[in-house]
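Hi there,

Here is the structure I promised to pass on. Have a look at it first, and then read on for my notes.

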Amino acid sequence: MTLWNKILNAFWRDPEIIRRRQTLGTNPVFNSLNPNQLTRVLAMLYHRRYHEGETIFKEGDVGRAIFIIESGKVLLCKKDKKGHERPLATLGPGDFFGEMALLEELPRSATAVATAPADLFFLYKSSFDGFVVQRPDIGATILSALAKLLSQRLRTLSGRLAGTEETTAATRD
């Protein structure tokens with residue numbers, strides 16, 4: 001066995017990596033991946049702890065990464081026409097936000113703030129783009145899951161705007 005294989009085997013068997021892989025595996029963007037594929041994705045992720053009240057990003061910042069909550073809580077809010085912050089959602093472990101940044105680097109549509117100490121994984125678009133070239137099988141699976149989730153959210157929003165919110169399993173968040 002080569003030194004590289006020994007290092008990889010130790011990495012894959014590490015209890016912390018196993019726990020993080022399980023966390024990532026519960027996320028709908030990544031839950032179609034097998035354990036080996038999840039481990040490869042984990043190798044691309046960055047990890048950071050945010051303190052309660054700390055801003056993760058602000059509305060208008062250029063989006064460069066998707067965030068996955070390992071622990072803690074994050075509030076997403078948006079300014080109304082009068083400039084007041086309006087809460088959109090409170091997210092917890094296993095939830096994700098900022099996913100549009102994997103598709104395009106445009107200004108964020110909301111602000112994200114840790115409402116409790118929060119451990120977050122994040123994946124930069126630039127890293128993901130390189131990964132898709134190296135592992136198109138995994139990249140296609142992630143992009144397909146992301147497209148389905150965005151489609152569900154668009155259908156739900158369209159239903160709300162039209163006053164005919166659909167509540168079937170296919171369109172529920």
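Below is what I found, starting with the whole chain and then turning to two places in it.

Please keep in mind that this is a predicted model. The chain holds 5 helices and 8 strands, and along the sequence they come in the order α-α-α-β-β-β-β-β-β-β-β-α-α. Of its 173 residues, 36% are buried. Among contacts with a separation of 6 or more, 69% are between residues 24 or more positions apart. The accessible surface of the chain is about 10,100 Å², and carbon and sulfur atoms contribute 56% of that.

Next, helix α5, which covers residues 136–162. Its 27 residues reach 38 Å from the first C-alpha to the last, close to the 39 Å expected at 1.5 Å a residue. Which of its residues are buried? They are Ile-138, Gly-139, Ile-142, Ala-145, Leu-146, Leu-149, Thr-156 and Gly-159. In general, an α-helix has 3.6 residues a turn, so residues three or four places apart point the same way. The cover over the buried residues of α5 includes α3 (35–42), β6 (96–97) and α4 (125–134). Just past the end of α5, Gly-163 has a positive phi of about 80 degrees.

The other place to look at is Arg-21, which sits in helix α2 (residues 15–25). Is Arg-21 buried or exposed? Arg-21 counts as buried because its relative accessible area is 15%, and the cut-off is under 20%. Its side chain makes a polar contact of 2.7 Å with the side chain of Thr-39.

Best wishes

Note on methods: Residues numbered from 1 in each chain as written. Predicted model: local features only at pLDDT ≥ 70, side-chain atom pairs only at ≥ 80, totals over all residues. Heavy atoms only, no water. Helix = DSSP H or I, 4+ residues; strand = E, 2+ residues; numbered from the N terminus. Expected span 1.5 Å × (residues − 1). Buried < 20%, exposed > 50% of the residue type's maximum accessible area, 1.4 Å probe, protein only. Contact = heavy atoms within 4.5 Å. Polar contact = N/O pair within 3.5 Å; in protein donor to acceptor, adjacent residues only side chain to side chain. Areas by Shrake-Rupley, 256 points an atom, 1.4 Å probe, with all protein chains shown as cover.
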